[in-house]
Structures are given as C-alpha cells and as structure tokens.
Amino acid sequence: MSAKLSLFNQIYAAHNQMVMQLCLGFVNGDRSRAKDISQEVFISTWNSLDRFKGESSHKTWLYRITVNTCLKSLRDNKQSKNVSIDVEQRTDLLHHDDSTSHVQESALSALYASIGQLPEVDRLIIMMVLDDAEYSQIADVMGISEVNVRVKVHRIKQTLKKLMQNEYAD
Amino acid sequence: MQIDNLKELWNKAKTEVPSADVDIPAIVSKAKSKRRSSIVAHALNIAILAVTLVVITLYYFLVMRYRFLLSHVGFGIMFVSLALRIVLEAISMIRAYSIDITDSALRNTEQAVLFFKQRKRIHGLYTIAIVASYMIGFALMGPEIYNNLPFYLFVGIYLFFVVGAFILIVKIRGGIRKEMRDLQDLLALRDEIRRE
C-alpha cells in the first residue's frame, strides 16, 4: 500500500464520522445530500493530500475542506437553504440502539432542527464548537480572528438557545 | 439547555451518525478521474482554440494565398483576436486552479470572488470586443473571398459565421447570468464570514 493511500485511510478512519456529522448538520439532516458532500470532501482530500504541509493538524485541515465543500455545495444546489425535514425523519438520522433513550432522541432531533435554522456560516461554526474545536482552530478554518470567532460564537449560542426553546415548545 | 449539554449530545450523536459509507478504492479512482477530467476540459478548450489558430494561419498562407491588403489586415485582426482569447482562457484556467479547497473559508471565498470577477470581465467587455473584432476581421477578408469562391459558397460561409456568432453570444450571455448569480452569492458569503 502506498504511503499516500495509507495516510488517506488513516485520516478517513479517524475523521469520517466528524465529516458526515458536519455535513448532516449543514444540510439540515438530508442524509442523501450529506453523503454526497462527504464523498466530495474525501475526493478533495485525496486530490489535496500531496499539498498537505503539516502546518496544522489533519483534523483542522479536514475541517477546512469540509467547510469549503459545504459552502460550495450551496452554489451547486441553491435549494439547500429551503431543505427541511420533519421530526420523524430527523430522528431517523441516527442508528438507534437500546441505549438511545427517547429523551435523547428528541433532544438530538431538536438540536439538528435548530442548527438547520441558523445561517450557513453560523451553522458550520457552532458545529465545530460542539465538536470541541478550539477557538483558535475555528479562526484558522474560517480565516478570521479569534476575537471575531468569540463574538460570533456568543451570538450564535444565544440564537441557538432561543431556537431550541422554540423546538421544545413545538 | 447549556452548551456543555449540547456538546455531550453532539458527541453522543457522533457515534450514532450513519457512516458516509465511502468505498475508499472507489473514492481514490473517482478523485483521480475528476482531476484528470478537469485538466482535460480546460486544456481541451485551449487546444481547440490553438488548433483553430494554426489551421486558419496555415490555410491563409498556404492555400488561400490572398494578396489584398484588406485581407491581410482582416486576417491580422482575426489572428490577434483568437490569440488574445487563448491567453484569456489560460489566465482563467490558472485563476481557477488557484482556488484551494484547503485554504481557510474566507480565503477560499475571496479567491472564488476574484475568479468570478475575472470571468465577468472576460465574458463581458473582453469577449464582446474579441467577437466584434473577429467579425470585423472576417468581413474585411470578404472582397477577396468573394473573388475566389463561388457565390453560393461565399453566402454560405458568411451565413454560417453570422449564425455561429449569434449562438455563441446567446450561450455566453446565459453563462454570464449564472456566473453573476454565483458572484453575488460569494460576495454575500464573504461579508457573512467577515461579519462580527
């Protein structure tokens, strides 16, 4: 196996769920589109692997590809802004097991629905926050200052809280 | 609900997110073919224009052997127009390849904005000027073509040329509209990324 393929396998195994979850949240739970975007992400990953200089971690690098691919997908499919799916479909996004309680399911469903109502850039930022990315990492991915990230995250959290309350009220 | 609870939920969901089901050998093969087809598509466009330039040059000097000064001027204008078009296509190709998917979102968007602004210039004023000068060049060659070809062929060539130019202009206008929508979206996206 070539070194490139081995590195690709390693990156894929470590981060494919992160990529899929970000894509899923970005397209408001549309599983088919999320899979298409994920595939695009990994195609770009393969084609860019030779240019990876190791200046950032693989995860930050992959975040950049995922964020850019998600934003590009908007231009390719303008309908995405209006994509919404009902609660039943949203809970179906998860592979159920016995440990997934009904309360958790509805909370997750509300979370996906609320994220889906945020503007696209905010959606990506808050998903990285939820994914435990550092503010400096998010700043690097978005290309803005860390201060700007903090301001944005503060505002997005407030909006998300309101949206979640509305989701629970519904 | 606090952000920490949401993080917990998010991480719990991550383990249950359906896999992207990516078949790695298939992805690798698709990635290679995508890169190849992208390069071929750009290169083909330039190659077609370059071959056209070479063919009309050879035809003009070796077959037609026109003598009118007007024809030489017309041919010169056509040659320069086509050569300029090739240069613009090459610049556009270089700009397209400078959009790096591994850059930050802001830089990637700014590069795409530059690309579409350049396309706007190329498809706008530059293309109109090039098509117009190409047509003028061809028209200047008209008298000598008329002298050397049967009338029906002369009319046929010029009709084909006018219809071809019309189709080209309609196609370019359609392309411009789509690219302008993309440019507006990108400008809005860039502002959204920068906004505090």
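Which residue just after H6(A) takes a positive phi? In this predicted model, the residue is A:Asp132, with a phi of about 70° just after H6(A). Here is a friendly tour of the two chains, starting with chain A, which has 8 helices and 0 strands.

**Chain A at a glance**

- Read from one end of the sequence to the other, chain A has the pattern α-α-α-α-α-α-α-α.
- Chain A has 170 residues, and 42% of them count as buried.
- Among the contacts in chain A with a separation of 6 or more, 65% join residues 24 or more positions apart.

- H6(A) is largely enclosed by the rest of the structure, because 9 of its 11 residues are buried.
- The buried residues of H6(A) include A:Val121, A:Leu124, A:Ile125, A:Met128 and A:Leu130. A charged side chain is on that list too: A:Arg123 is one of the buried residues of H6(A).
- A:Asp132 sits in the loop between H6 and H7 of chain A. A:Asp132 counts as exposed, because there are 10 C-beta neighbours inside 10 Å and the cut-off for exposed is 12 or fewer.
- The phi of A:Asp132 is worth a look in your viewer: the value is positive although the residue is not a glycine. As background, most residues other than glycine have a negative phi.

- You will find A:Asn28 in the loop between H1 and H2 of chain A.
- Is A:Asn28 buried or exposed? A:Asn28 is buried, because 22 other C-beta atoms lie within 10 Å and 20 or more is enough to count as buried.

**How H7(A) meets H8(A)**

- Helix H7 of chain A (residues 135-142) packs on helix H8 of chain A (residues 146-169) at an angle of about 105°, and the axes are 8 Å apart. This makes H7(A) roughly perpendicular to H8(A), because angles of 65 to 115 degrees fall in that class.
- On the H7(A) side, the contact is made by A:Tyr135, A:Ser136, A:Ile138, A:Ala139 and A:Met142. H8(A) contributes A:Glu146, A:Val149 and A:Arg150.
- By class, the residues of this contact of H7(A) with H8(A) are 5 nonpolar, 1 polar and 2 charged.

**Nonpolar cores**

- The largest nonpolar core has 58 residues, and A:Cys23, A:Leu124, A:Ile125, A:Met128 and A:Met142 touch the most other members.
- Leaving aside residues up to four places away in sequence, A:Ile125 touches A:Ile138, A:Met142, A:Lys152, A:Val153 and A:Ile156.
- A second, separate core has 7 residues, including B:Met78, B:Tyr134, B:Phe138 and B:Met141.
- In soluble globular proteins, nonpolar side chains tend to be buried together.

**Where chain A touches chain B**

- The two chains meet through 51 residues of chain A and 38 residues of chain B.
- Several helices of chain A each supply at least two residues of the side that touches chain B, among them H1 (3-26), H2 (31-48), H3 (58-76), H5 (102-116) and H6 (120-130). H7 and H8 of chain A also each supply at least two.
- Sorted by class, the side of chain A that touches chain B has 25 nonpolar, 16 polar and 10 charged residues.

**Helix packing in chain B**

- Helix H3 of chain B (residues 69-97) and helix H4 of chain B (residues 105-140) cross at roughly 165°, and their axes come within 8 Å. H3(B) and H4(B) are therefore roughly antiparallel to each other.
- The crossing of H3(B) with H4(B) is left-handed, and the residues of their contact are 18 nonpolar, 7 polar and 3 charged.
- H4(B) also packs with H6(B), at an angle of about 160° and with the axes 9 Å apart. That makes H4(B) roughly antiparallel to H6(B).
- H4(B) and H6(B) cross in a left-handed way, and the residues of their contact are 20 nonpolar, 5 polar and 8 charged.

**A glycine within H6(B)**

- B:Gly175 lies in helix H6 of chain B, which covers residues 151-194.
- B:Gly175 counts as partly exposed, because it has 13 C-beta neighbours inside 10 Å.
- B:Gly175 and B:Leu149 are 26 residues apart in sequence, and their C-alpha atoms are 36 Å apart in space.

Methods
Residues numbered from 1 in each chain as written. Chains lettered and ligands numbered in written order. Predicted model: local features only at pLDDT ≥ 70, side-chain atom pairs only at ≥ 80, totals over all residues. Axes fitted to C-alpha atoms, helices over the stretch in contact; angles between N-to-C directions. Helix = DSSP H or I, 4+ residues; strand = E, 2+ residues; numbered from the N terminus. Parallel < 35°, antiparallel > 145°, perpendicular 65-115°, else oblique. Contact = placed C-beta atoms within 7 Å. Left-handed = near helix turned anticlockwise from the far one by under 90°. Core = buried A, V, L, I, M, F, W, Y, C linked by C-beta atoms within 7 Å.
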